[in-house]
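Dear colleague,

I am passing the structure on to you below, together with an account of what a look through it turned up. Please read the notes with the structure open beside them.

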Amino acid sequence: MKPFVKLYLKKQQASYVRDLKTLWRNKAAEKNADSYRESNSGLLYFFSDYNYNIVERKGGCMMESKDVLLDIRKKNHLSQDEMAERLMVTRQAVSRWENGETVPNTDTLKIISNKFDVSINTLLGSPRQLICQCCGMPLYEDSVISRETDGQFNEDYCKWCFTDGKFVYGTMEELLDFLVPHIASSQQMAEEDVLKMLKTQLPKLKHWNELA
């Protein structure tokens with residue numbers, strides 16, 4: 001077999017393996033996202049009507065990971081070499097991220113998140129639709145996500161339920177006292193109906209599960 005034919009077949013094989021890995025990764029992300037949505041479907045449906053329309057708030061569809069990373073670099077006026085230097089990776093790695101061939105590993109995602117103030121979920125193209133695991137509010141953009149005392153994102157909670165490393169509401173009753181009248185007034189619903197819905201859905205969330 002001629003050398004140039006061998007080289008061509010080798011490239012084709014590498015491309016196939018790369019595409020297969022991407023397919024597996026995307027299927028895993030879709031499976032996790034479907035499971036997450038299913039477990040929180042009641043609150044997502046309820047709060048989407050309570051002035052939390054995610055698409056309208058974000059002004060369009062979610063971006064893919066490669067586009068998010070490219071956008072971050074361009075907004076910070078960095079070349080691929082400069083981006084690579086900041087993240088202690090190679091320029092080729094940055095190029096592969098932006099071409100959609102690979103995604104940064106976990107440690108690198110944390111570094112990007114800290115340096116550029118972007119949540120890891122956003123960096124990955126928002127595969128999960130995050131909701132606050134205390135009140136159920138959709139975390140439709142990074143500005144509403146809570147932070148730890150060191151400034152890192154805590155993607156489990158909104159900034160109104162968890163702030164300065166502490167939970168704002170000590171009990172579910174305290175949270176209900178705030179949510180029920182506000183939701184009832186906004187949606188022109190009876191407070192009794194809102195209370196019934198929340199008492200059904202809130203106990204399914206992580207925070208209240210852990211306190212149970």
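Asp117 is partly exposed, because its relative accessible area is 44%, where buried means under 20% relative accessible area, exposed over 50% and partly exposed in between, with a 1.4 Å probe and protein chains only. Asp117 belongs to the loop between α7 and α8 (120-123); helices here are DSSP runs of H or I with at least four residues, strands are runs of E with at least two, and both are numbered from the N terminus. The phi of Asp117 is near 60°, a positive value in a residue other than glycine.

Please bear in mind that this is a predicted model, in which local features need pLDDT of at least 70 and side-chain atom pairs count only at pLDDT 80 or more, while totals for chains, interfaces and linings use all residues. Residues are numbered from 1 along each chain as its sequence is written, and side-chain values use heavy atoms, with hydrogens and water left out.

Met88 also has a phi near 60°, again a positive value in a residue other than glycine, and this residue sits in the loop between α5 and α6. Met88 counts as exposed because its relative accessible area is 68%.

Just after α6, Gly100 adopts a positive phi of about 80°.

Ser65, in helix α4, is buried, since its relative accessibility is 11%. Leaving aside residues up to four places away in sequence, Ser65 touches Val103, Leu123, Leu124 and Gly125. A polar atom of the Ser65 side chain lies 2.7 Å from the backbone oxygen of Leu123; a polar contact is a pair of N or O atoms within 3.5 Å, and within protein one must be able to donate a hydrogen and the other to accept it, with residues adjacent in sequence counted only if both atoms are side-chain atoms. Ser65 and Asn121 are 56 residues apart in sequence, yet their C-alpha atoms are 9.4 Å apart in space.

Four aromatic pairs turn up in a search of the whole structure. The pair of Phe162 and Phe167 is edge-to-face, because the ring centres are 4.9 Å apart and the planes stand at 65°; rings of Phe, Tyr and Trp (its six-membered ring) pair if their centres lie within 6.5 Å, and planes under 30 degrees apart count as stacked, over 60 as edge-to-face and the rest as tilted. Phe162 is buried at 7% relative accessibility, whereas Phe167 is partly exposed at 33%. Tyr169 and Phe178 form a tilted pair, 6.3 Å centre to centre with 35° between the planes. Ring pairs also link Tyr157, Phe162 and Phe167 into a cluster.

His207, in helix α11 (residues 206-211), is buried with a relative accessible area of 5%. With residues up to four places away in sequence not counted, His207 touches Gln133, Cys134, Tyr157, Phe167 and Tyr169.

For the protein as a whole, there are eleven helices and four strands, and 35% of the 212 residues count as buried. Of the contacts with a separation of 6 or more, 55% are accounted for by residues 24 or more positions apart.

Technical notes
Contact means heavy atoms within 4.5 Å.
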